[in-house]
Amino acid sequence: MLRVAVPNKGALSESASAMLNEAGYRQRRDTRELVMVDPDNDVEFFFLRPRDIAVYVGAGTLDVGITGRDLFLDAQVDAEELMNLGFGASTFRFAGPVGDFSSIDQLEGKRLATSYDGLLRSYLSERGINASVVRLDGAVESSVRLGVADAIADVVETGTTLRAAGMEIFGEPILKSEAVLIGRKGASPAGVDVLIRRLRGVLVARQYVMMDYDVRKDLVDEAAALTPGLESPTVSPLQNSDWVAVRSMIKKSDTNRIMDELYDIGARAILVSSIHACRI
């Protein structure tokens with residue numbers, strides 16, 4: 001069986017399980033379950049701490065896993081990113097007391113607190129910055145006030161917690177992270193290609209919708225320019241020989257704009273439907 005690691009809790013857990021469910025895999029109903037077998041798809045799921053997933057995959061204990069790019073890079077294991085999954089976006093950044101720092105060059109000789117010491121050490125080393133890294137498991141924003149560090153490097157979403165602690169972000173982002181599927185380098189276990197294909201199908205289904213409309217034959221080229229589809233739109237004859245029916249996939253975010261533009265050039269009966277699954 002393909003052995004897949006899934007986050008057991010935290011921000012990535014619910015979205016990861018929902019995506020796997022949309023891809024046709026069984027998922028646990030009880031959050032206390034740590035292992036679940038999906039015999040129909042020949043897959044075994046292991047629900048683990050997101051921070052530990054990269055370690056298991058890197059060691060070859062599990063075949064693939066879903067975790068955050070930041071956690072994966074921080075683990076520094078023998079694994080590789082197979083695909084990004086489109087959820088769990090966050091940014092890893094430097095922050096310090098308001099007015100104390102404006103660039104990363106000022107970090108030379110300073111103490112930096114973080115929960116991602118592997119990732120931070122690599123970043124500093126690549127830029128020739130000599131600073132002390134203080135490893136903390138949580139509440140990193142309190143470290144400066146408590147005298148443990150001069151600045152911090154942490155995952156930032158809204159920045160509200162940092163502002164409440166009297167801190168501000170400075171410098172360019174260290175890393176832009178999101179949920180990713182990772183696998184051991186050089187390995188290609190049975191079933192992983194199907195898993196990737198299914199997950200990509202979920203991403204496409206979430207990003208696109210199917211649009212159908214009727215348009216006069218002499219306007220097909222103009223309409224098709226608005227709805228080119230992935231390869232080419234499907235054009236079918238109607239009973240009225242002067243008109244045709246057109247079907248095409250379009251970006252969900254563009255739906256209303258394209259509907260308006262089609263209507264303006266003369267298209268009618270414009271319908272939009274969701275895509276529940278696909279293979280591209």
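These legends describe close-up views of a predicted model.

Residues are numbered from 1 along each chain as its sequence is written, and side-chain values use heavy atoms, with hydrogens and water left out. Local features need pLDDT of at least 70 and side-chain atom pairs count only at pLDDT 80 or more, while totals for chains, interfaces and linings use all residues.

**View 1. The buried side of helix α1.** Helix α1 spans residues 13-22; helices (H or I, at least four residues) and strands (E, at least two) are DSSP runs, numbered from the N terminus. Its buried residues are Ser 13, Ala 16, Ser 17, Met 19 and Leu 20. Buried means under 20% relative accessible area, exposed over 50%, and partly exposed in between (1.4 Å probe, protein chains only). They lie on the same side of α1 because they cover an arc of only 160 degrees around the axis. The arc is that of the directions from the helix axis to the C-beta atoms. Their cover includes β1, β3, β4 and α6, where contact means heavy atoms within 4.5 Å. Just after α1, Gly 24 has a positive phi of about 95 degrees.

**View 2. The buried side of helix α2.** In α2 (residues 50-58), Pro 50, Ile 53, Ala 54, Val 57 and Gly 58 are buried. Their arc around the axis is only 120 degrees, so they sit on the same side of α2. Among the elements that cover them are the strands β1 (2-7), β3 (43-48), β4 (64-68), β5 (79-84) and β11 (179-184). Helix α3 (69-75) also belongs to this cover.

**View 3. The largest pocket.** Its volume is about 470 Å³. A pocket, on a 1 Å grid over the protein atoms alone, is an open set of points where a 1.4 Å probe fits, with protein on both sides within 12 Å along at least five of seven lines; lining residues have an atom within 4 Å of a point. Grid points are joined across faces, edges and corners, and a volume is the space filled by probe spheres set on the points. The lining has 18 residues, and Ala 11, Leu 12, Pro 50, Leu 71 and Tyr 116 lie nearest the centre. Helices α2 and α3 each supply at least two lining residues. By class, seven are nonpolar, six polar and five charged. Ala, Val, Leu, Ile, Met, Phe, Trp, Tyr, Cys and Pro count as nonpolar, Asp, Glu, Lys and Arg as charged, and the others, Gly among them, as polar.

**View 4. The second largest pocket.** This pocket has a volume of about 280 Å³. Of its 15 lining residues, Glu 141, Asp 154, Val 155, Val 156 and Thr 161 are the closest to the centre. Strand β9 (151-156) and helix α5 (160-164) each give the lining at least two residues. Six lining residues are nonpolar, six polar and three charged.

**View 5. Arg 200 in helix α6.** Arg 200 lies in α6 (residues 192-207). At 47% relative accessibility, Arg 200 counts as partly exposed. Arg 200 touches Leu 82 and Met 83, not counting residues up to four places away in sequence. Thr 234 is 34 residues from Arg 200 in sequence and 23 Å away in space, C-alpha to C-alpha.
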